[in-house]
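Work through the exercises below with the model open. Each task is followed by a worked solution.

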Amino acid sequence: MAEQVVADKLKLSDAPNKLKSKVWQYFGFRDGSPTDKAKCKLCFTDVAYAKSGSTTNLMQHVKRKHYVDLARL
């Protein structure tokens with residue numbers, strides 16, 4: 001809940017619906033349009049991801065920094 005309040009203040013928008021990985025629930029975009037970096041909704045760090053659709057960096061960030069096991073979601 002608190003994360004959403006801060007995310008609202010930063011004007012983070014959710015990832016577009018075409019991005020289907022579960023990891024996108026933890027990331028958004030500052031200006032609303034996808035770039036080569038997504039912002040973590042938990043710690044507000046910019047994390048690079050590939051435009052090809054690879055979300056490995058995003059998954060590793062959530063796993064290492066926030067101890068979230070995406071396989072369990």
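Buried means under 20% relative accessible area, exposed means over 50%, and partly exposed lies in between (1.4 Å probe, protein chains only). This is a predicted model: local features need pLDDT of at least 70, side-chain atom pairs count only at pLDDT 80 or more, and totals for chains, interfaces and linings use all residues. Residues are numbered from 1 along each chain as its sequence is written, and side-chain values use heavy atoms, with hydrogens and water left out.

**Exercise 1.** Classify W24, F27 and F29 as buried or exposed.

Solution. Start with W24: its relative accessible area is 6%, so W24 is buried. F27 is buried too. F29 has a relative accessible area of 1%, so F29 is buried.

**Exercise 2.** Name the pair type for W24 with F27 and for W24 with F29.

Solution. First, the rule: rings of Phe, Tyr and Trp (its six-membered ring) pair if their centres lie within 6.5 Å; planes under 30 degrees apart count as stacked, over 60 as edge-to-face and the rest as tilted. The structure holds four aromatic pairs. For W24 and F27, the centres are 6.5 Å apart and the planes at 80°, so this pair is edge-to-face. For W24 and F29, the centres are 5.6 Å apart and the planes at 35°, so this pair is tilted. Finally, W24, F27, F29 and Y49 form one aromatic cluster.

**Exercise 3.** List what W24 touches, leaving out residues up to four places away in sequence.

Solution. Apply the contact cut-off: heavy atoms within 4.5 Å. The residues are A15, L19, F29, A38, Y49, T55 and L58.
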